[in-house]
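Happy to walk through this one with you.

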Amino acid sequence: MSAQAEPKQPPSSPVETGTAMTDLTKPVVAADGAGAPSAQPHGANRVEPKVTTTDVKVFYGSSEALHGIQTEIPANQVTALIGPSGCGKSTFLRCLNRMNDTIEGARVTGKILMDGEDIYDKSLDVVLLRARVGMVFQKPNPFPKSIFENIAYGPRIHGLAKSKGELADIVERSLKRAGLWDEVKDRLKEPGTGLSGGQQQRLCIARAIAVSPEVILMDEPCSALDPIATARIEELIDELRRNYTIVIVTHSMQQAARVSQKTCFFHLGDLVEEGDTDQIFTNPRDKRTQDYITGRFG
Ligand SMILES: Nc1ncnc2c1ncn2[C@@H]1O[C@H](COP(=O)(O)OP(=O)(O)OP(=O)(O)O)[C@@H](O)[C@H]1O
């Protein structure tokens with residue numbers, strides 16, 4: 001489990017939105033260096049992987065959607081999964097917390113290790129795995145309950161709080177980490193569904209954080225949000241990576257460039273190219289990556 005540290009202050013430089021294509025090479029870097037590209041999968045300063053995948057294939061019935069994915073997800077970094085629609089980004093993301101198990105006819109082969117532990121091992125508790133590897137979806141999906149209950153539910157069912165006071169502390173800490181506390185502290189009993197779209201998405205992030213995950217998976221978390229709410233979530237992602245390993249699926253290359261340190265480009269079920277976000281956007285090695293990031297297809 002990740003250590004519970006004090007919530008961090010937002011980075012000093014605001015995250016821009018709507019960055020032009022030419023700015024893709026300039027991810028936002030905060031004054032303290034947060035946001036600076038640092039993943040060096042092939043370099044001397046290679047970051048320790050949190051998750052390692054070997055020859056991962058996913059079948060829906062007889063159709064093979066992923067063709068043997070081999071990669072490493074670096075700890076305490078943001079890894080962006082990009083690529084044209086239907087290339088397998090969400091399918092791969094769902095492999096990392098075994099959400100594909102819930103899809104009828106889906107079958108996963110290969111190996112996925114988290115901190116060296118096989119997450120597909122038969123003895124592994126999948127409910128616990130999904131607490132360790134939290135997920136935030138495209139459309140904010142708060143429970144039809146109060147703001148407090150949205151956050152308290154997970155810690156309660158996982159037995160993480162010994163008393164009401166401890167539960168209230170977890171709720172407060174999670175909302176603070178998700179940058180939502182100040183906006184909701186006086187209305188914790190009101191329904192979560194009454195918040196704005198951006199606030200609901202931060203509530204969902206707080207809900208994921210509340211069970212002390214190690215990894216947070218985000219499947220296009222900003223696609224239903226306006227540019228201001230998107231900027232707030234991007235800022236939050238940059239803060240969260242100090243404590244969590246984050247994997248994000250995004251259709252926005254500007255967003256991938258702004259928030260991630262490592263980028264994986266998928267095409268037709270293959271992981272075509274991966275590397276430092278900076279390298280992928282400035283000096284892609286594969287022509288398909290180049291064509292995609294320059295908008296020639298996708
Ligand atoms: N539940 C499912 N049943 C059958 N086929 C599926 C299912 N989910 C995904 N697929 C197929 O698997 C392939 C990869 O889909 P996936 O949703 O992972 O792609 P994606 O890159 O996330 O796409 P998008 O960017 O449009 O969300 C596609 O051909 C898709 O049609």
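The questions below go through the model step by step.

Me: What kind of model is this, and how are residues numbered?
Reply: Numbering starts from 1 along each chain as its sequence is written. Local features need pLDDT of at least 70, side-chain atom pairs count only at pLDDT 80 or more, totals for chains, interfaces and linings use all residues, and the model is predicted.

Me: Which helix gives the most to the shell around the ligand?
Reply: The ligand is surrounded by residues including Tyr-60, Lys-89, Ser-90, Thr-91 and Ile-103; a residue is near a molecule if its C-beta atom, placed from the backbone, lies within 6 Å of it. Helices are DSSP runs of H or I with at least four residues, and strands are E runs of at least two, numbered from the N terminus. With three residues, the helix that gives the most is H1 (residues 89–95).

Me: Which strands are the edge strands of the open sheet?
Reply: Four strands make up this sheet in the order E2-E1-E4-E5, with antiparallel pairing; two strands pair if DSSP finds at least two bridges between them. Pairing on one side only, the edge strands are E2 (63–74) and E5 (117–118).

Me: Over how many bridges do E1 and E4 pair?
Reply: Val-58 stands opposite Val-108 in E4. Strand E1 (residues 49–60) and strand E4 (residues 106–114) pair in the antiparallel sense, and the number of bridges is eight.
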